[in-house]
Amino acid sequence: MTAPETAAPKIRQVRRPAGAVRKTARAEAPRTNDPAATIANIMEVATAEFAAKGLSGARIDEISDETRTSKRMIYYYFGSKEGLFIEVLEETYRRMNDAESKLDLDTAKPVEALQAVIRFVVGYYRKNPEFITLLNTCLLYTSPSPRDRQ
């Protein structure tokens, strides 16, 4: 008796036109060796990640994948996830302070100046909702507990 013959599975050949390149995410955006751009990209992605998920919910793996940067490089630049969060928070404050410093306030008219500051702050919060979220996360992790306040 002989073993029954089994038909080999047919493999479908995909033919590409001459010179066609298979597109992948990496083929679309080549890697560069630009530390400043890498750090800026990490900061941008980390800001969104921390604002959306908080310090405990944010994942370095996701930031690494989104930025196409190794976790090792993120830790090299920022030391830890908490270090990255602090940098994000400081940059967020820096941007607000820079925008606020451009206000032209007339100190001779304190009521109008105060109204202008309030309008600025409320407008800034509306345009940058991540600021409040990041601030809340910071306060959650740095505020003393009610037991410590006694």
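Q: Why is Thr 69 called buried?
A: Thr 69 has a relative accessible area of 7%. Buried means under 20% relative accessible area, exposed over 50%, and partly exposed in between, with a 1.4 Å probe and protein chains only. Thr 69 therefore counts as buried. This is a predicted model, in which local features need pLDDT of at least 70, side-chain atom pairs count only at pLDDT 80 or more, and totals for chains, interfaces and linings use all residues. Residues are numbered from 1 along each chain as its sequence is written, and side-chain values use heavy atoms, with hydrogens and water left out.

Q: Where is Thr 69 found, and with which residues is Thr 69 in contact, leaving aside its neighbours within four places in sequence?
A: Thr 69 lies in the loop between α3 (60–67) and α4 (71–78); helices (H or I, at least four residues) and strands (E, at least two) are DSSP runs, numbered from the N terminus. Apart from neighbours within four places in sequence, Thr 38, Ile 42, Ser 64 and Ile 74 are in contact with Thr 69, where contact means heavy atoms within 4.5 Å.

Q: What makes the pair of Tyr 93 and Phe 131 edge-to-face?
A: The ring centres of Tyr 93 and Phe 131 are 5.2 Å apart and the planes stand at 80°. Rings of Phe, Tyr and Trp (its six-membered ring) pair if their centres lie within 6.5 Å; planes under 30 degrees apart count as stacked, over 60 as edge-to-face and the rest as tilted. The pair of Tyr 93 and Phe 131 is therefore edge-to-face.

Q: Which parts of the chain does this pair link?
A: The pair links distant parts of the chain, with Tyr 93 in helix α5 (residues 81–101) and Phe 131 in helix α7 (residues 129–142), 38 residues apart. Both residues belong to one aromatic cluster, together with Phe 120, Tyr 124 and Tyr 125.

Q: How many helices and strands does the protein have?
A: The secondary structure comes to 7 helices and 0 strands. Of the 150 residues of the protein, 25% count as buried.
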